[in-house]
Amino acid sequence: MELLYRTPIEWAQNAVKDIDSFLQDHADAERKVANMCLSLIAKYPNRTEIIDELIQISVEELLHFKQVYNLIKYRGNQLNGVFQKDPYIKGIMSIVRSGSDEIFMDRLIIASIAELRGSERFKLISKVVDDPKIAKFYANLHLQELEHIDSFIKMAKIYFDDELVDKRTQIILQKEAEISSSLPWRSAIH
Ligand SMILES: [Fe+2]
Ligand SMILES: [Fe+2]
């Protein structure tokens, strides 16, 4: 799977200008992905084939949250309790169809594409951030998030035809490219 809009390096140069705000937003994002996996389990308890994998990803995302929290403390800060609205997630979720199966498929595809975007941007951050400890963290995280991209698509393909999932993925990738290319840059992952 490939993103249809490539984030320019200038985005990362802008994002790291306020690295503390970036870390706050990122911690929030990791915690939300862990929550999202748990909420899929709660909503679809009968989809037993994917529960182990969802638990595993949730654990990994929670570990990422812990690591980002540690970086926040390393920078001499604490979680600030400020939760910025994420216009990217709001925008991309607007494409979710109605109907139980359709919602389920779309959520898994969106999860996969969001991992892909996150992974792309973590790599860019690792290239431009001054602090070598933070740079190393983001270079590693880029690789770890790459693995989640396939996981979510594989889950979708357990329950739906490959072709159907691939077609829908292309449509959502287009929407995702429109959103990510048009949003103003902030010191945030999206
Ligand atoms: Fe993560
Ligand atoms: Fe992830």
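**Helix pairs around H3**

Analyst: In this predicted model, H3 and H6 are roughly antiparallel to each other.

User: At roughly what angle do the axes of H3 and H6 cross, and within what distance do they come?

Analyst: Angles over 145 degrees count as roughly antiparallel. Here the axes of helix H3, residues 51-74, and helix H6, residues 132-159, cross at roughly 160 degrees and come within 11 Å, so the two helices are called roughly antiparallel.

User: Which residues of H3 and H6 make the contact?

Analyst: On H3 the contact is made by Glu 53, Ile 57, Glu 60, His 64, Gln 67 and Leu 71, and on H6 by Ile 134, Phe 137, Leu 141, Gln 144, His 148, Ser 151 and Met 155. Sorted by class, the residues of this contact are 6 nonpolar, 5 polar and 2 charged.

User: Is the crossing of H3 and H6 left-handed or right-handed?

Analyst: The crossing of H3 and H6 is left-handed.

User: Which residues of H2 meet residues of H3?

Analyst: Among them, Leu 23, Ala 27, Glu 30, Ala 34 and Leu 38 lie in H2, and the residues they and others meet in H3 include Ile 57, His 64, Phe 65, Val 68 and Leu 71. By class, the contact of H2 with H3 has 17 nonpolar, 4 polar and 3 charged residues.

How values were computed
Residues are numbered from 1 along each chain as its sequence is written. Chains are lettered from A and ligands numbered from 1 in the order in which they are written. This is a predicted model: local features need pLDDT of at least 70, side-chain atom pairs count only at pLDDT 80 or more; totals for chains, interfaces and linings use all residues. Axes are lines fitted to C-alpha atoms, for helices over the stretch in contact, and angles run from 0 to 180 degrees between N-to-C directions. Helices (H or I, at least four residues) and strands (E, at least two) are DSSP runs, numbered from the N terminus. Angles under 35 degrees count as roughly parallel, over 145 as roughly antiparallel, 65 to 115 as roughly perpendicular and the rest as oblique. A crossing is left-handed if the near helix is turned anticlockwise from the far one by less than a right angle, and right-handed if clockwise. Two residues are in contact if their C-beta atoms, placed from the backbone, lie within 7 Å. Ala, Val, Leu, Ile, Met, Phe, Trp, Tyr, Cys and Pro count as nonpolar, Asp, Glu, Lys and Arg as charged, and the others, Gly among them, as polar.
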